Amino acid sequence: MDALAAIRDVFFQECEEQLAELESGLLAMEGGDTDPETINAVFRAVHSIKGGAGAFSLEALIRFAHVFETALDEMRSGRLAPSSDVLKTMLRAADVLADLVRAARVDEDGQHPHAATLAEELKAMSGAAGEADETEEDWGDFEFQPMAAAMDAPEAPAGPTGFVVTFKPRADLYAKANEAALLLRELGRLGAVEVELDAHDVPPLHEMDPEAAYLAWTITVTGDADEAAIREVFEWVDGDCELNIQAIGGEAEGDDGAEAAFDLSALLARVQGDAPAEAAPEPEAPIAAAFEPIPEPPVVAAPVVAAAPAPLAPPAAANEPSPDGQAGGGARKAEAAAGATIRVDLDRVDRLIDLVGELVINQAVLAQRVMEAGLARASAVAMGLDELEQLTREIQDSVMAIRAQPVKSVFQRMPRLVREVAAMTGKPVRLVTEGEGTEVDKTVIERLADPLTHMIRNAIDHGLESPEKRAAAGKPAEGVVRLSAAHRSGRIVIEVADDGGGINRERVKSIAIEKGLISAEATLSDEEIDNLIFMPGFSTASEVSDISGRGVGMDVVRRSIQALGGRITITSRPGKGSIFTMSLPLTLAVLDGMVVSVQGQTLVAPITAIVETLQPKASDVHSLGGHARVISIRGGFVPLIDVGMALGYRREPLPATQGVALLIEGEGGARAALLCDAIQGQRQVVIKSLEANYRQVPGVAAATILGDGRVALILDIDTIVAVSRGEMRKAG
Amino acid sequence: MPAASSIPCLVVDDQQTIRSLVRTGLQQLGFRTIHEAADGEDGLRHMLSRPVQLVISDYNMPKLDGLGLLRAIRSHPPIQKTAFIMLTGRADKELVQRAVQFGVNNYLVKPFTVGTLKEKIEAIFGALT
């Protein structure tokens, strides 16, 4: 049942697409979209889900989709007006449908708490239409067009322009020393041919009978060959094969491609009922090409011996483009239009990304070697290498782009969330999204869903005021939450903005003091106060509400953003609202790093963790006994960690004044200063898993290979800080 | 008694799920040359370049629906004799009536079994081998 399981997967994938279409269509209608194609698309989405669900007997899903579809059909036919209330119910129904789909996916085709009530509401909308459910039995008999009648239809004015020959030799054919390849070649003499091999019947090698025949061919012969001539080719093998010859073409006299193109648009115009005054004779390339006889000598599949039907060339191989590249290319274009996307296993893409990473490194190593060999920059080798570098970068970008996806997939989950939170808090909210097409790595997108959910909840629950307060402040009752994405200097920036009251700084500060997060005397800038909400354990809601959770506030959000190599900041204006800004890398395969040297080793620290770099002054460094030291930075103390000691490169600590300190901020906002010997520079590095290639090393997150071919370790800031803190506590 | 393997066919549906299901059913019945198209326009374009003997098409599709495709096929002599089976999402008598007017050869209500698929095809072509 593997095939069915695979189709089931496809079904659920398609369901997600259809659910998205359903929701965006309903939202568009809510926003005043009256295009009939919108309601059609909405109807089709539910209809398709029902159709697919039927094939897999997902009863709960079928039942609900059916009621929903009926209501949508009423709306489509104009009997049910798409009022705001109706659309609101439909949106809720869409949410239930989404839940049912997801439940069915994990084999829980059971009850949904709201399905029954919503189904009733939908039925009430549909009126009588929802009642009677036709079955085929009620129909009586239809007079279907019998094939014979069709055959008697008047002949096409012109003769056929070609024939489609399906040819499946039986074993006897080969036994009588006939040769399929020769017959195909013979056919090729009659006109232009296109040969498609059908190798479906070929069994696995160990089951293969050397005497049996497994292959079949579909040959399209165009030109002025007549059927008799084609039959003649097969005259000697007639009884030993399955042969079918069907005429094609007809009217297209003179084989004019443009005329054939005219055919399609005219045909379409005719059946779609909007024949333009000037039936545009604009030749549509793919169709035109399809009718053009291929002026090339026939291309026949490689000679095939019955006993060894080995070369299972894909059909396209037998369909070589003609030298002018027109005919074949055109047909291929038509095919490309039919399937503009392919689904690829993610593992394959990741493997490719990995290999390209290797290529980048290799290329850099090679460049270094060429320089070392003393070749001039202007030498042909060096110039060629420059071009190679350019190409490699382009390949890298293109490969990364395969993994890139528009943020739409996560943004589109938010309208539902907003509806639910709005209903729970009783605050009317409008969600505005911008930049849904902005692309970023798939993994980043997947891990964005949780923090975004949290932030949007937060924006509605804490950011927006109650309708009464808003009225008092002269604002419209409906609050606005704006979710936007944009590319900015090689990163993606996502903002969640609300037009609420802004951060109540007095209150935030008093809570922070109360919880011991800051001292009562501390003087903080507005910005510093705003950022207190990212402190672990900070929660301003006096009663922990149902919506924003159990005090797992913004610190969790910040941690998940940092885990993605991102940063989050807040800007707030009293009375006007707050803006949370997240800046994330476009991919997780490369990292912006600060390259430093420690005891002759080259190490990389992630830039996102670094707050600032400084040259320690002797007067700022204080010893706590043992090797533990702290450094004073603008009045506060942070631990000074000697990276060389932490990683075991040296036994005696480096005098602080001889090194450079990186002030870093790790998990939960813990700060520390990492002491290194020197800073080499800042660069993008390709991340290589150390665990996969060696083993896990505490304090090391991953590795990379530098341009000179040397391996450099990427520091795991959080572990280094945590370990050093533990040691410091022991020492203190 | 035509051999299923000698009948090239085209499956037209905007849902890949349904296309795959029909394809699987056809394969079980011995069909070998099975093409797919995602909507009526796509299907028509396909038929003009590569005619088939049997079209199994959904009704409700974007761009050009199943009825439109059927009408286009019946009005274009080179392909007008192609057998046409309409897939419908629900038992919609009115739709089948209209399809009959346009010369549909049979219809198939989703969900369907391989048995029904066979029955409908055999009603057109006679018993399959």
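Select helix α1 (residues 16–28) and helix α5 (residues 114–125) of chain B in this predicted model; helices are DSSP runs of H or I with at least four residues, numbered from the N terminus. The two pack at an angle of about 70°, with their axes 10 Å apart, the axes being lines fitted to C-alpha atoms over the stretch in contact and angles running from 0 to 180 degrees between N-to-C directions. α1(B) and α5(B) are therefore roughly perpendicular, a class that spans 65 to 115 degrees.

Val22(B), Gly25(B), Leu26(B) and Gln28(B) of α1(B) meet Val114(B), Leu117(B) and Ile121(B) of α5(B), where contact means heavy atoms within 4.5 Å. Five of the contact residues are nonpolar, two are polar and none is charged; Gly counts as polar.

Centre now on Ile121(B). Beyond residues up to four places away in sequence, Ile121(B) touches Leu26(B), Phe31(B) and Leu128(B), among others. Ile121(B) is also one of the residues with the most contacts inside the largest nonpolar core, which has 67 residues. Such a core joins buried residues (under 20% relative accessible area, 1.4 Å probe, protein chains only) through side-chain atoms within 4.5 Å. Helix α4 (residues 84–105) of chain A gives the most to this core, with twelve residues.

Finally, move to the open sheet β20-β12-β13-β22-β21 of chain A, which has mixed pairing; strands are E runs of at least two residues, paired if DSSP finds at least two bridges.

Residues are numbered from 1 along each chain as its sequence is written, and chains are lettered from A in the order written. Local features need pLDDT of at least 70, side-chain atom pairs count only at pLDDT 80 or more, and totals for chains, interfaces and linings use all residues, while side-chain values use heavy atoms, without hydrogens and water.

Notes:
Angles under 35 degrees count as roughly parallel, over 145 as roughly antiparallel, 65 to 115 as roughly perpendicular and the rest as oblique. Buried means under 20% relative accessible area, exposed over 50%, partly exposed in between (1.4 Å probe, protein chains only).
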